[in-house]
Amino acid sequence: STQVLWQYLHSMGLKGKKLLELGAGSGYISLSAAKAGAVVTATDINTTAVAYLAKNSQSNKLPITILQSDLFDNIPVQLFDVVAINPPYYKGSPTTEASYAWYCGEQGEYFIRLFEGIKNYIGKNSVVVMVLNDECDINFITHTAMKAGFSFHKVQEKRRLWEMEYIYLAVLQ
């Protein structure tokens with residue numbers, strides 16, 4: 001899914017754009033976006049992921065602002081041109097720090113917090129780019145986005161081995 005998300009982001013042309021990656025993990029998207037000329041802020045809730053991202057940023061000599069944050073808790077309010085997200089989309093409660101990468105809460109609380117909180121970080125020309133797959137509750141995510149005032153639509157689909165992966169764009173209406 002990371003590759004599908006990166007291919008779409010790269011096709012947008014990122015040079016000079018401010019990009020926020022939520023849930024950056026080890027930082028493939030953030031590092032690639034910085035190499036492509038974006039001004040990047042990368043976040044993750046996982047302390048190990050943040051440490052590896054910092055290490056990867058330094059070893060690649062790429063200036064990336066790296067923050068440990070549960071969604072927007074530690075991100076200073078500012079506007080981004082692009083927000084990239086490979087979200088946790090399985091319903092269930094995370095029980096370990098690593099499982100936050102997979103589980104969005106019993107009722108999808110991650111998406112509710114995401115679409116409410118992101119409004120402080122995007123302007124009318126900003127775009128939120130999200131990769132999802134056919135195993136997640138896309139109807140719930142779409143409804144949550146629309147209820148929060150976003151248009152949310154699929155712009156790409158790609159079959160990868162055993163699953164379909166989709167790129168969705170969310171734009172504040």
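Colleague: Is lysine 55 buried or exposed?
Modeller: This is a predicted model, where local features need pLDDT of at least 70, side-chain atom pairs count only at pLDDT 80 or more, and totals for chains, interfaces and linings use all residues. Residues are numbered from 1 along each chain as its sequence is written, and side-chain values use heavy atoms, without hydrogens and water. Buried means under 20% relative accessible area, exposed over 50%, partly exposed in between (1.4 Å probe, protein chains only). Lysine 55 has 53% relative accessibility, so this residue counts as exposed.

Colleague: Which helix holds lysine 55?
Modeller: Helices are DSSP runs (H or I, at least four residues), numbered from the N terminus. Lysine 55 falls within residues 47–59, which form helix α3.

Colleague: What is the C-alpha to C-alpha distance between lysine 55 and methionine 146?
Modeller: In sequence, lysine 55 and methionine 146 are 91 residues apart. In space, C-alpha to C-alpha, they are 38 Å apart.

Colleague: Which residues in the largest nonpolar core touch the most other members?
Modeller: A nonpolar core is a set of buried Ala, Val, Leu, Ile, Met, Phe, Trp, Tyr and Cys residues joined through side-chain atoms within 4.5 Å. The largest one has 33 residues. Those touching the most other members are Phe111, Leu114 and Phe115.

Colleague: Beyond four places in sequence, which residues is phenylalanine 111 in contact with?
Modeller: Contact means heavy atoms within 4.5 Å. Leaving aside neighbours within four places in sequence, phenylalanine 111 contacts Pro87, Pro88, Tyr89, Cys104, Met130, Phe140, Ile141 and Thr144.

Note on methods
Helices (H or I, at least four residues) and strands (E, at least two) are DSSP runs, numbered from the N terminus.
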